[in-house]
Amino acid sequence: MTDLVTLRRDGNIGVIVIDNPPVNAFSAPARAGVLAAIVRACDDAAIEAIVLRCAGRTFIAGADISEFGKPPQPPSFPEVIGAIEACAKPVVAAMHGNALGGGLEVALGCHYRVAIPGTRLALPEIKLGLIPGAGGTQRLPRLVGIEKGLAMILSGDPIPVEEARAVGLIDAVIDDLDAGAVKFAREIAQKRPLPRAGAKSDKIAPFVADPAAFDALAKPYLRRARGLNAPAAAIDAIRGALTLSFDEALARERTIFVALRDGEQSKALRHIFFAERAAAKVDLPAGVKARKVERAAIIGAGTMGGGIAMCFASAGIPVSLIEVSAEALARGRDAIAKNYRGMVSRGSLAQEEMDRRVALIEGATDMDAVASADLVIEAVFEDMEVKRKLFAELDRLAKPGAVLATNTSYLDVNAIAQATARPQDVLGMHFFSPATLMRLVEVVRAEKTAPDALATAVAVARTIGKAPVVVGVCHGFVGNRMLRLRTVEAERLLLEGALPQDVDGALTDFGFAMGPFAVSDLAGLDIAWRMRKAQGQRAEIADRLCEMGCFGQKTGRGFYLYEAGSRTPKPDPEVEQLIVETAARLGIARAPIAASEIVERLLFPMINEGARILEEGIAKRPGDIDVIWVNGYGFPAWRGGPMHYADTLGLGYIHDRLITFAAKTGDKRHRPSVQLERLAAVGKGFAALG
Ligand code: 3H9
């Protein structure tokens with residue numbers, strides 16, 4: 001045993017406790033400790049049954065992800081789980097908090113499983129580009145059936161104890177983790193034979209006889225895989241339960257797991273996992289803590305304000321939703337109720353939970369309602385004067401110490417803060433639309449923002465389930481500033497020879513959910529048009545479309561054609577004609593462009609801008625930029641975000657291509673940034689920046 005694992009005796013029951021904070025990851029020392037404890041408990045004649053549980057806030061939350069990529073340390077997962085399963089005395093896993101991944105697999109290797117209410121059980125490996133590698137693909141379907149097993153392994157989503165009990169994943173719900181588990185162990189201590197998940201076959205038998213039924217169940221998951229290798233691999237491993245012996249299938253699962261673990265996709269997803277957590281840390285001076293947020297106020301009940309209010313209500317935080325008129329407020333509340341009703345009818349939300357959330361949102365048409373809020377977020381019209389006036393009013397009405405946030409996408413947060421006498425409390429919280437679904441929040445630190453105000457915004461964003469990233473003030477902050485380069489380049493590609501569907505197709509093949517032109521059509525071309533006009537900028541094709549009244553989906557025409565009531569983009573011959581004629585008028589000879597070149601032309605300038613953003617300190621770490629692009633702009637997570645992706649290609653290659661692009665387009669912004677140049681020269685990647 002080790003310091004992390006103890007074995008004590010409670011009468012005839014041996015209790016093994018793992019204490020490996022913060023999440024009891026099953027690291028090598030923890031594995032060694034459990035193996036030694038199991039051996040000792042087996043040898044101890046006074047022990048008739050064994051309880052395996054954890055101290056702290058959770059059961060084992062999985063393998064220690066930071067061990068992946070390093071030389072494996074014995075004992076392995078299969079060795080420890082094998083020893084538990086082979087133990088001649090019953091072993092009971094007693095779970096609380098989260099039983100995840102390798103943690104749940106340890107429990108699956110035990111003869112019995114019990115859990116306290118509130119425990120969440122999942123095999124989330126798929127979210128890291130992996131499959132369960134310690135028997136999960138074999139033992140789980142045997143216990144819960146193929147359909148539920150597939151759903152859990154392919155979604156990675158947790159199920160609550162009640163459901164776990166109903167599907168046969170756990171044997172009992174206990175009230176007290178320690179005494180309840182010991183009592184359960186005492187009750188089953190003499191029962192024989194010991195139930196072993198690996199020996200069960202009743203729930204998989206129908207599919208052994210009918211493999212086509214398995215393929216039919218698996219098919220929808222394959223369709224949704226979108227470039228990620230793990231779903232097909234998981235299905236392959238689970239199929240082993242039907243076609244191979246248990247031991248052969250375990251060996252096959254392990255081979256598949258190791259190949260995925262060592263592959264680029266899982267590395268990228270693990271990078272994002274740790275980058276998200278690093279991004280959510282704010283350095284605070286000693287003794288300074290984040291402020292408490294017990295109530296929020298959102299100003300503006302439009303799509304964005306309403307969505308943000310829902311995020312707070314969903315997390316159980318009461319929120320005042322403030323509008324200028326009763327009509328606007330009613331519209332906003334209706335939209336919220338409709339949104340929640342949709343969730344109820346889809347079965348993703350219980351009616352009582354909807355009622356609870358709706359009740360947490362209190363409407364108001366009087367700005368005085370901000371007085372009780374610890375955090376105020378304004379989501380009103382994107383106009384500096386409007387926002388400055390509003391912040392001057394907030395300064396008058398908000399309670400001392402309240403954090404005052406603007407949801408601006410572009411505006412200067414310093415200028416907004418100056419409208420108040422408390423700039424230390426002002427910052428940006430840039431949510432993305434739809435706010436209920438998009439995880440990114442750019443937390444904008446203005447010149448005078450106090451560290452504890454910043455920490456408050458970051459903490460609250462985490463509480464409402466978002467991925468916060470601290471950024472500095474500049475036009476468009478990090479995400480939109482980089483996006484601007486992609487937008488310019490996408491239009492340039494049209495003039496040089498591509499069509500909207502070529503550009504979009506290249507990016508969706510790369511792994512984006514949508515290409516830039518389909519996104520523009522969805523968002524509405526008029527918004528960007530208005531902004532370009534305000535800044536004296538022009539985009540030949542997009543501007544012309546707007547002049548023709550083609551604003552995208554909402555008008556049935558944009559870069560694509562939309563049939564009545566349809567959101568499916570269809571190539572539009574008139575847009576093609578417009579592109580060809582515009583290119584001719586500008587003297588540009590159009591020629592076909594390969595998909596690979598389209599991807600490079602779209603992404604490399606953005607990566608270059610990302611390097612400038614790091615140089616300027618607008619983002620602190622390359623991983624912060626990756627988190628922003630994965631959670632706010634649909635960058636495929638399994639490619640790790642733009643900066644991680646750049647490292648996989650090598651900065652030398654990107655540097656040389658940028659020089660070519662700069663020469664070809666005459667666009668000075670494509671010249672490699674100092675940071676990129678410096679790293680490329682020494683053969684390093686952005687990861688070297690920390
Ligand atoms: C696996 O199990 C493979 C097996 O099938 C086969 C093996 C052969 N490892 O998220 P938090 C750290 S794959 C290492 O802020 P929360 C995290 O980095 C794994 N470290 O807390 C952070 O560190 P820091 C399957 C981990 O309360 C700290 O713990 N399991 C791990 O919001 C707190 O984390 C998963 O995918 C880990 N496994 O959420 C579960 N987990 O403070 C991944 C966390 O230095 N983990 N850390 O930044 C989670 O989903 C959440 O962390 C959890 C807690 C829900 C547990």
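## Strand β6

Strand β6 (residues 112-115) is covered on both faces: Tyr112 and Val114 on one side, and Arg113 and Ala115 on the other, are all buried (under 20% relative accessible area, with a 1.4 Å probe and protein chains only). Strands are DSSP runs of E with at least two residues, and helices are runs of H or I with at least four, numbered from the N terminus.

The model is predicted: local features need pLDDT of at least 70 and side-chain atom pairs pLDDT 80 or more, while totals for chains, interfaces and linings use all residues. Residues are numbered from 1 along each chain as its sequence is written, and side-chain values use heavy atoms, leaving out hydrogens and water.

## Pairing of β6

Strands count as paired if DSSP finds at least two bridges between them. Strand β4 (residues 91-95) pairs with β6 in the parallel sense over four bridges, and valine 92 stands opposite tyrosine 112.

## Ligand surroundings

The ligand is surrounded by 27 residues (a heavy atom within 4 Å), the closest being Arg57, Glu105, Glu125, Arg277 and Lys281. This shell comprises 14 nonpolar, five polar and eight charged residues, with Gly counted as polar. Helix α12 contributes the most, with three residues.

A nitrogen atom of the ligand lies 2.8 Å from a backbone N or O atom of alanine 63, and an oxygen atom of the ligand lies 2.8 Å from a backbone N or O atom of glycine 102. Taken alone, the ligand exposes 1,000 Å², of which the protein buries 77% (Shrake-Rupley method, 1.4 Å probe).

Technical notes: Polar contact = N/O pair within 3.5 Å; in protein donor to acceptor, adjacent residues only side chain to side chain. Buried < 20%, exposed > 50% of the residue type's maximum accessible area, 1.4 Å probe, protein only.
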